[in-house]
Amino acid sequence: MILTARRLALATLDRQLLLERQRLDVAEAVRRVCALQAQTPASPYLALWNRLRDFEPGQLDAAFADRRIVKATLMRITLHAVHAEDYASYHAAMLSTLRASRLYDRRFTTTELTHADADALLPELAGFLARPRTGAEVEEEVTGRFGEHAHRVWWALRTYAPIHHAPTGGPWSFTQPNAYLASRTAVPGSASQDTAAGVRRLLLSYLRAFGPASAQDFARFTLLGRPVITQALHELGDQVVRVAGPGRAALFDLAGATVPDEDTPAPPRLLPMWDSTLLAHAVPGRVMPQEYRPLVVRRNGDMLPCLLVDGQVAGVWRAADGGLELTTFRKLGKAEWQGLTEEAEKLSALLADRDPAVYRRYGHWWDKGFPGVESKMVKG
């Protein structure tokens with residue numbers, strides 16, 4: 001059987017817990033969906049609100065505080081929230097990419113320091129970050145060794161060293177300035193974990209969360225190279241199977257995995273900025289109509305909070321005037337509006353207790369205007 005584009009989209013939504021909210025512990029939920037994009041502190045919270053029944057932000061506060069869920073630079077050289085037990089493997093998988101992104105950048109190479117110079121600091125850094133430290137504190141600590149280059153050395157290390165962001169408070173656990181902690185599981189040094197084993201584990205987690213998917217999709221999600229991915233697929237053997245899809249690219253999935261039927265309903269959802277569902281597959285993705293992509297993904301890379309209607313992006317939302325403003329890119333029916341309104345009322349009530357002006361710094365995109373067809377204000 002050849003899977004249709006609709007069934008592939010439904011598979012993504014199903015595995016991302018977006019077809020039906022589940023009763024899961026927050027750490028287990030994060031493990032199930034592989035990782036949550038976390039470059040904006042609110043986004044993991046709103047991602048879980050979309051996925052879990054009776055989700056309370058305090059549950060994620062606690063998981064970050066006791067480090068059952070950790071926040072670190074990983075896939076796509078971007079901050080993600082992941083299950084603590086997955087971190088070491090994911091870091092091992094991504095380490096070469098993370099190192100190359102910094103150590104071959106002119107901001108580091110112009111210091112005329114070597115890769116070995118930066119790596120030599122890893123054991124000392126692990127000790128210094130046994131308790132939370134700000135970036136300024138780390139730079140001050142390493143200035144004696146690197147002088148004027150301390151800032152650039154730390155800029156590189158904070159990306160590829162095995163360190164986490166430490167909670168600092170605020171409505172979403174993390175505020176400026178950032179604080180950092182050494183990982184409890186990943187050992188300092190480039191050989192801390194077997195890279196190939198890390199890629200295999202990450203690929204299995206990815207397929208469990210986003211499959212069926214192609215090698216190109218996995219490359220998009222991670223920025224890993226094709227040879228590394230091909231090797232992992234070969235080494236996984238019969239744990240992974242090929243399935244037929246609508247395009248030319250070969251699709252892979254976990255052996256025994258299922259895909260929803262074509263007529264499975266997809267409920268409305270209000271996704272956060274940079275939701276992983278929109279970043280896990282080759283452009284344009286599975287739930288983003290091509291014509292809407294320039295409206296949602298801005299030229300500087302900002303990916304705005306989206307409205308999902310019947311499993312596809314249909315508009316954007318923002319917090320405004322004590323509620324939520326919903327803007328659609330096409331005309332919706334009465335039942336579709338009712339579903340979105342009910343979701344918006346619940347989300348507005350949650351934000352009222354936490355951060356009524358969430359994502360406020362991105363309001364300038366609305367000021368520039370959208371070719372929206374319909375707009376509605378909703379309050380909790």
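Let's start with the sheet: five strands line up in the order β9-β10-β11-β12-β13, forming an open, antiparallel sheet. β9 (269–271) and β13 (374–378) sit at its edges with a single partner strand each, so one side of each has no neighbour in the sheet. From one strand to the next, the twist averages 30°.

This is a predicted model, in which local features need pLDDT of at least 70 and side-chain atom pairs count only at pLDDT 80 or more, while totals for chains, interfaces and linings use all residues. Residues are numbered from 1 along each chain as its sequence is written, and side-chain values use heavy atoms, leaving out hydrogens and water.

**How the words are used**

- Helices (H or I, at least four residues) and strands (E, at least two) are DSSP runs, numbered from the N terminus.
- Two strands pair if DSSP finds at least two bridges between them.
- Buried means under 20% relative accessible area, exposed means over 50%, and partly exposed is in between (1.4 Å probe, protein chains only).

**Inside the sheet**

- Strands of a sheet pair through backbone hydrogen bonds, either parallel or antiparallel.
- Strand β11 (residues 312–320) pairs with strand β12 (residues 323–328) in the antiparallel sense, over six bridges.
- Along that pairing, R318 faces E325 in β12, and G315 stands opposite T328 in β12.
- The hairpin of β11 and β12 has two residues between the strands, and D321 there takes a positive phi near 55°.
- On to the next pair: β12 and β13 are antiparallel too, with five bridges, and T327 has S375 in β13 as its bridge partner.
- Six of the six residues of β12 are buried, so the rest of the structure largely encloses this strand.

**The helix across the sheet**

- Helix α15 (residues 334–354) lies across β9, β10 (306–309), β11, β12 and β13. It runs at about 150° to β12 (axes are lines fitted to C-alpha atoms, for helices over the stretch in contact, and angles run from 0 to 180 degrees between N-to-C directions).
- A349 is part of helix α15, and A349 is partly exposed at 38% relative accessible area.
- A349 and L324 are 25 residues apart in sequence and 10.0 Å apart in space, C-alpha to C-alpha.

**Helix α13 and its two sides**

- Helix α13 (residues 226–236) has I229, A232, L233 and L236 as its buried residues.
- Looking down the axis of α13, these fall within an arc of 100°, so they line one face of the helix (the arc is that of the directions from the helix axis to the C-beta atoms).
- P227 and H234, on the other side of α13, are exposed.
- The cover over the buried residues of α13 includes α11 (195–210), α12 (215–222), β7 (240–243) and β8 (251–254).
- Just after α13 comes G237, with a positive phi of about 55°.

**Helix α5, with a bend**

- Helix α5 (residues 84–103) has 20 residues and spans 26 Å from its first C-alpha to its last, close to the 28 Å expected at 1.5 Å a residue (that is 1.5 Å times one less than its number of residues).
- α5 has a kink of about 55° centred on M94, where the bend is the angle between axes fitted to the seven residues ending there and the seven starting there.
- In α5, 17 of the 20 residues are buried, so this helix is largely enclosed by the rest of the structure.

- S43 belongs to helix α3 (residues 43–51) and counts as buried at 3% relative accessibility.
- Leaving aside residues up to four places away in sequence, S43 touches Q37, P272, M273 and Y359 (contact means heavy atoms within 4.5 Å).

- Most residues other than glycine have a negative phi, and most peptide bonds are trans.
- Q176 and P177 are joined by a cis peptide bond, with omega about -5°; P177 lies in the loop between β5 (163–166) and β6 (179–182).
- Another cis peptide bond joins V283 and P284, with omega about 10°; P284 is in the loop between β9 and α14 (293–296).
- E112 has a positive phi near 65° without being a glycine, and at 72% relative accessibility E112 is exposed.
- D310, in the loop between β10 and β11, is not a glycine but has a positive phi of about 50°.
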